[in-house]
Amino acid sequence: MAAHYPDIDIAPFIDHALLTPTATPEQVEQWCEQADRFNFASVCLYPTYVKQAAEHLHGKQPKVCTVIGFPTGATTSAVKLYEAQEAVENGATELDVVINLGWLKVGNTEAVHREIAEICEETGQVVKVILETNLLTDAEKKLAAEIAMDAGAAFLKTNTGWHGGVTVADVRLLKEVARERVGIKASGGIRTLHQALDLILAGASRIGTSRGIDLIHQRNHPEKNE
């Protein structure tokens, strides 16, 4: 590892994501086993696999995370709430919820706030609000972050990964807005250890990636990162 990077144990930061539409039960089992073996923060899966993951990880350290309104955020508030409640009933303890970007763009901030607040209140679980920063102006990013925090979010999450990768600049911006009130989850296109470490140093407290095993391998074989 390059000298300017501190010796950070990256595993506890990782939300081990399996969000490809072709994910299979066998892959879910593999992801859960990997998350447990390497002490990742969570596995992040589609709602259809929450029950399987919760059963596999029962009594183990990694949390079961799922996505709500993913990837567009444009389903109705009632559908998002039902999806979130069902996920919690099936064993999810972390919910990554995509905001309604159209509402945000036209200034319907009350609706955006109400939707997130209802999910936070009704589920009582950790909610990470996905802002999709690549589709927002800096002013919109700040506004969305403030709404999410006021509504009860535990984390601000940068991206779904469907519209480009996360940037260090966006993590820094969200960290500045958050002022230590909530965590920051960096997600989208994170493939290398150096990328992940740059994001952590910028303020990320979670790293969402499907390449968690690659990052661990790169950490354990630093000579290959140069």
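Select Tyr 46 and Phe 70 to begin; both are buried. Keep in mind throughout that this is a predicted model. The two rings form an edge-to-face aromatic pair, with 6.0 Å from centre to centre and 70° between the planes. Tyr 46 sits in the loop between β2 (42-45) and α2 (50-56), while Phe 70 sits in the loop between β3 (63-68) and α3 (77-89). The pair therefore joins distant parts of the chain, 24 residues apart, on the cut-off that rings pair if their centres lie within 6.5 Å.

The peptide bond from Phe 70 to Pro 71 is cis, with omega near 5°. Pro 71 lies in the loop between β3 and α3. As background, most peptide bonds are trans, and most residues other than glycine have a negative phi.

Two residues for the phi check come next. Select Asn 39, in the loop between α1 (25-38) and β2. Phi of Asn 39 is positive, near 60°, and the residue is not a glycine. Asn 39 has 37% relative accessibility, so it counts as partly exposed. Then select Glu 180, in the loop between α7 (168-178) and β7. Glu 180 also is not a glycine, and its phi is positive at about 70°. With a relative accessible area of 62%, Glu 180 is exposed.

How many aromatic pairs does the structure hold? There are three. In one of them, the ring centres of Phe 38 and Phe 40 are 5.9 Å apart and the planes are at 25°, so this pair is stacked. Are these residues buried or exposed? Phe 40 is buried, at 0% relative accessible area, whereas Phe 38 counts as partly exposed at 24%.

Now colour the strands β1 (14-18), β7 (183-187) and β8 (206-209). β8 pairs with β1 in the parallel sense over three bridges, and with β7 in the parallel sense, also over three bridges.

Show the side-chain directions along β8. Arg 206 and Gly 208 point one way, Ile 207 and Thr 209 point the other way, and all are buried. In a regular strand the side chains alternate between the two faces of the sheet.

The last stop is the largest pocket, with a volume of about 440 Å³. Of its 22 lining residues, select the closest to the centre: Ala 17, Leu 19, Thr 160, Thr 209 and Ser 210. The elements that give two or more residues to this lining are the strands coloured above, β1, β7 and β8. Which element gives the most to the lining of the largest pocket? β1 does, with three residues. Colouring the lining by residue class shows eight nonpolar, nine polar and five charged residues.

How values were computed: Residues numbered from 1 in each chain as written. Predicted model: local features only at pLDDT ≥ 70, side-chain atom pairs only at ≥ 80, totals over all residues. Heavy atoms only, no water. 1 Å grid on protein atoms, 1.4 Å probe; cavity = no way out; pocket = protein on both sides within 12 Å on 5 of 7 lines; lining within 4 Å. Points joined across faces, edges and corners; volume = space filled by probe spheres on them. Helix = DSSP H or I, 4+ residues; strand = E, 2+ residues; numbered from the N terminus. Nonpolar A, V, L, I, M, F, W, Y, C, P; charged D, E, K, R; others polar. Buried < 20%, exposed > 50% of the residue type's maximum accessible area, 1.4 Å probe, protein only. Pairing = 2+ DSSP bridges. Phe/Tyr/Trp six-rings, centres within 6.5 Å; stacked < 30°, edge-to-face > 60°.
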